[in-house]
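Subject: Structure for you to look at

Hello,

Here is the structure we talked about. Please open it first and then read the notes below.

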Amino acid sequence: MVCALGAAVCFGTATVLQAMAARAADAGGGGEGTAFAVTLFLRAVRQWRYLAGLALDGVGFLLQIAALRSVPIYAVGAALASSLAVTAVVSARLLRVRLSGSEWVAVGVVCAGMALLGIASGTEGDRGGPAALKYAMLGTALAVLALALLGGRLPDRGRALALGLGAGLGFGVVEVAVRLIDSLALSALLANPASYALLVGGGAAFLSLTSALQRGSVTTATAGMVIGETIGPALVGVVWLGDRTREGLAWVAVLGFAVAVAGALALARFGEAPEHSAPQSPLRIP
C-alpha cells in the first residue's frame with residue numbers, strides 16, 4: 001500500500017511541476033498552431049521543473065508496478081485516483097490555486113477513504129485468471145486505441161466523457177496486465193498477450209486523455225477517467241484474480257474504495273495542471 005500511495009504522490013506532484021514549467025515557457029509568448037505548441041514544449045522541457053516532473057512520473061510508474069505485484073488492484077486504483085488530492089494540495093502551495101471549503105473537505109474524504117482501504121486490504125490474489133482474460137485485455141486496449149484515433153469524429157456533446165472513460169479503461173488495462181505477466185524473460189514477454197495489452201493500453205489511454213483534455217471539459221474527462229480506471233479493474237481483480245480483503249473487513253474495503261473515488265471525483269478539475277495555457281499533454285502514466 002505504501003508503494004501505491006508513493007505513486008500517487010509522485011504523479012500528483014509531477015503534474016504541478018510540469019504546470020509551473022509550462023507557465024514559465026509561455027510567459028511573454030503568444031501565437032497558436034502546431035508550430036507554437038512545439039516551441040512551447042521545447043521551452044518547457046529545458047526547465048528543471050519539467051524534467052523533475054518527468055522523473056517523478058517515472059518513479060511513480062515503477063512504484064505502481066511494485067504496488068500491483070503486492071496489493072489488490074482495487075487498492076492501487078483508488079490510490080492512483082487520490083493523486084488528484086495531491087495535485088490539489090501541492091497546487092494550493094506552489095501555484096497558489098485557491099481551494100474552496102468543499103474541495104478541502106474532498107481532500108480529507110480521499111485521505112479517509114485511503115485509510116479505510118489500508119486497514120481492510122489483504123494481499124494480492126494468487127490466481128492468474130482464465131486464459132481468455134489476457135486476450136480480453138488486449139481487445140480492450142485495441143478498442144481504446146480505436147476510440148482515441150476516432151475521437152475527433154465524436155459529437156461535441158459527450159466527447160470528453162467518452163474519451164475520459166476510454167482513457168480510464170486503457171489505464172485499467174495496464175493495471176490488470178501487470179498482474180497477468182508472470183515472467184520477465186524476453187521469450188515469455190513476447191509470447192504473452194498481456195505484454196502487448198500493457199503497451200497498447202498505456203499508449204491508447206495517453207492519446208485518449210490528451211484528446212479529451214484538448215477538446216472538452218477537463219472536469220468531465222477526468223471524472224470519466226477516474227471511473228474507468230478504478231471500477232473495472234477492481235472487479236477483474238476480485239472476480240478473476242483472487243483479490244480479497246482481510247477477514248471480516250470486506251465492507252470496510254468497499255466503503256473505503258467508494259469514499260476515496262467519490263473524493264477524487266469531487267477534485268476532478270485537478271486532472272490537468274491548473275490554469276496553465278501551454279499546450280501540454282497530460283503526463284500522468286498510471
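An axis here is a line fitted to C-alpha atoms, for helices over the stretch in contact, and angles run from 0 to 180 degrees between N-to-C directions. Contact means heavy atoms within 4.5 Å. Helices are DSSP runs of H or I with at least four residues, strands are runs of E with at least two, and both are numbered from the N terminus.

This is a predicted model, in which local features need pLDDT of at least 70, side-chain atom pairs count only at pLDDT 80 or more, and totals for chains, interfaces and linings use all residues. Residues are numbered from 1 along each chain as its sequence is written, and side-chain values use heavy atoms, with hydrogens and water left out.

The chain as a whole

The chain has 12 helices and 0 strands. Of its 286 residues, 50% count as buried (under 20% relative accessible area; exposed is over 50%, partly exposed in between; 1.4 Å probe, protein chains only). Among contacts between residues at least 6 apart in sequence, 85% join residues at least 24 apart.

Helix α8 covers residues 159-180. From first C-alpha to last, its 22 residues reach 31 Å, close to the expected 32 Å (1.5 Å times one less than the number of residues). In α8, 18 of the 22 residues are buried.

Two packed helices are described by the angle between their axes and the distance between the axes. For α8 and α11 (residues 218-239), the axes come within 6 Å and cross at roughly 35°. Residues making this contact include Gly-164, Gly-168 and Gly-172 of α8, and Gly-224 and Gly-228 of α11. By class, the contact has 12 nonpolar, 6 polar and 2 charged residues (Ala, Val, Leu, Ile, Met, Phe, Trp, Tyr, Cys and Pro are nonpolar, Asp, Glu, Lys and Arg charged, the others, Gly among them, polar).

Two arginines

Arg-49 is in helix α3 (residues 48-68) and is partly exposed, at 27% relative accessible area. Leaving aside neighbours within four places in sequence, Arg-49 is in contact with Leu-17, Gln-18, Met-20 and Ala-21.

Arg-96 is in the loop between α5 (83-95) and α6 (101-120). Is Arg-96 buried or exposed? With 72% relative accessibility, Arg-96 counts as exposed. Most residues other than glycine have a negative phi. Arg-96 is not a glycine, yet has a positive phi of about 55°.

Regards
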